[in-house]
Amino acid sequence: MTAEEGTKIVKSSKRSQIIASLIVNLPLLSCGLAYSWITVSNMDLKTDKGAWIVTALPIGACLGPILSALLLDRIGRKWFLYATTFPFICSWVLIYIGKKWMEFFIARLIAGISIGAIFTMVPVYLGELTEPRIRGAAGTMMSLFLNIGTILMYTLGTHMSEKIMALISLAPCAAFLLTAPWVPESPYYYLKKKKEKCAILSLVWLRRKKDNENEIKEMKEFIEAQEQGSIKELYTVPTHRKALLLVLLLLAGQQLSGYIAIQAYAITLIQDMHISLSTNIMLVIMAGITLAMSLVSTFIVDRIGRKPMFLISSYGTTLCLLTVGVYFLMIKIGMKMEAYSMIPLVAIIVYLICTSFGLVMIPAVVISEIFPISVKSWATMFANVYGSVLSLIVAQVYHLIINAWGNHVLFLLFAIIELVISILATIFMPETARKSFMEIQMILGKNNNIAT
C-alpha cells in the first residue's frame, strides 16, 4: 500500500454525514410550518382566544424537552426523533377537521410538544453524528429547514384554504418517516450502552472509512470520564454551571428579541406601520430573507465562529428594535409618520437578517457541543424548557403590552434587554467552533470562577 492510498483510507468523508444531517433536520420543516400557520390562518389574534392559540405552541414546547430527557437515553436518539412525527400528524389532522377555537388550541398544543422535543433532541443527535469540522454547518441546518417550512406556509398558505394546507403539511412528516430508518443511531449512544460493534458500524457508515479506532477510543475515553450525572450537577459542578449559564444567556438573547411573537403577529404589525405593500407579499419577502440568511449561515458558521455570529446578530437586532420602537414612539406623541413608513419596514427587514444570521440558530449549535454526555440530556431538557417558557412569556407579553401601552413600549423594552444580553455575551461567551467535545470542556474548565 502506498502512502497516498493510506491517506485516502484515513481521511473521512463528509458526504454521509451531510446526508444524515439533512434527514435528521427534516422534522424542522414541520416545525416551521407549525410556527407560521398562525400567521396565515383566519384567526383573530387580537382577541383573548386568538392569543391563547398563539401561546398554545410554546405551552406544548415546555413539555417536549421533559419527554426528551426521560426517553433520549432509553430508546435512543434515532427512534425518539422518529416518534416526534406522530404528534405533528395528529395536529394537522385536527386542524383539518377542527371548527372550534379549542380544537385549534389542542392541535397547536400537540404540535408544540413535538417542537419542544425536536429542538432538544436534534442538536444532541447532530452533535454526536458529525465531526467538529462540519458540526456547526449541521446545526445551522435547523434554522435553514425551519425557514423553508415558514416560506412554504407563507407562499402556499395565503392562496389555499386551511384544510388543504393542513393536508400539504403532512408531506414533510411522510418524507421523514420514509428516510429516517436509513440514518444510523449515534455512536455515542451505542458506546454508552456497551454496544461497541454497533458504534463501529455506525461510524463506518458516517465516515465512509473502516479504520475509526482512534475516534472510537476518544469517544470511549470521553464517555468513561463522564459518568452518568444528575440534574443537580448542572449547578454544582463549575464547568457544567458555566455551560448552563452561557446557554441560558444565549436563549434569552434569542427569545427576548421577540422573534417568535413578531413572526406570529407579522400581519398586524405590518398594518400598524401603515405600509402600502400587500401583507401577503411582505410575508413572502420576510420569509425569503430569513431563508437566505439561514443558508448563508450554514456555509460560514464553522469559518467565522459561533461568538462573532451571535454578537453581530444580537447587536444588529438591538439597533433594529430601537429604530422600530422610536418610530412608534413618534406616532404615539402625535407626529405624522406615514411618509416615513419605509424606515420601520427596512428596520424589520434588517432585523430578520440579523436574527436569522445568529440569534435563531447559534444557541442550538452551542447546546449540541458545550455539555458533556453525562449531563447532556438533562441540560438540553432544562435549556429548552427555559427557552419555551421565555417564548410563552414573550407571546403573552406582546399581546398584553401592545393593548395596554402600545408598540413603542414593547419594542424599546426588547431593545434594552437585547443590548444587555449582547454586552454579557461579549464578555463571557467562549468560542467552540472546530473543537472536539474534550477541548470544549477544557476551555470551560480554565476559568471556573466566571460561573460562580
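This is a predicted model: local features need pLDDT of at least 70, side-chain atom pairs count only at pLDDT 80 or more; totals for chains, interfaces and linings use all residues.
**Stop 1**

Start by selecting Tyr315, Ile416, Leu419, Val420, Ile423, Leu424, Ile427 and Phe428, and show their side chains. Together these residues make a nonpolar surface patch of about 700 Å². Which helix gives the most to the patch? Colour residues 407–428 and you will have helix H23, which supplies seven residues.

For a closer look, pick Ile416, one of the patch residues. Ile416 lies in helix H23, and its relative accessibility of 55% is why it counts as exposed.

**Stop 2**

Next, select Cys320 and Cys354 and draw a distance between their sulfur atoms. How far is the sulfur of Cys320 from the closest cysteine sulfur? The separation is 4.7 Å, and the partner is Cys354. A disulfide needs the two sulfur atoms within 2.5 Å, so this pair is too far apart for a bond. Across the structure, the number of disulfides is zero.

**Stop 3: two loop residues with positive phi**

Move on to Lys194, in the loop that runs between helix H11 (187–192) and helix H12 (196–207). Check its backbone: phi is positive, about 65 degrees, although Lys194 is not a glycine. With 74% relative accessibility, Lys194 counts as exposed.

Then follow the chain through H12 to Arg208, which sits in the loop between H12 and helix H13 (213–225). Is Arg208 buried, partly exposed or exposed? The relative accessible area of Arg208 is 40%, so it is partly exposed.

**Stop 4**

Finish with Ser114, in helix H7 (residues 101–129). Hide the surface to see this one, because Ser114 counts as buried at 2% relative accessibility. Which residues does Ser114 touch, leaving aside its neighbours within four places in sequence? Select Thr84, Pro87 and Phe88 alongside Ser114, and you will have those contacts on screen.

Notes:
Residues are numbered from 1 along each chain as its sequence is written. Side-chain values use heavy atoms; hydrogens and water are left out. Patches are made of residues with over 30% relative accessible area and no salt bridge: like charges are joined within 9 Å, nonpolar side chains (Val, Leu, Ile, Met, Phe, Trp, Tyr) within 5 Å. Accessible areas come from the Shrake-Rupley method with a 1.4 Å probe; for residues, only the protein chains shown count as cover. A salt bridge is a side-chain nitrogen of Lys or Arg within 4 Å of a carboxyl oxygen of Asp or Glu. Helices (H or I, at least four residues) and strands (E, at least two) are DSSP runs, numbered from the N terminus. Buried means under 20% relative accessible area, exposed over 50%, partly exposed in between (1.4 Å probe, protein chains only). Contact means heavy atoms within 4.5 Å.
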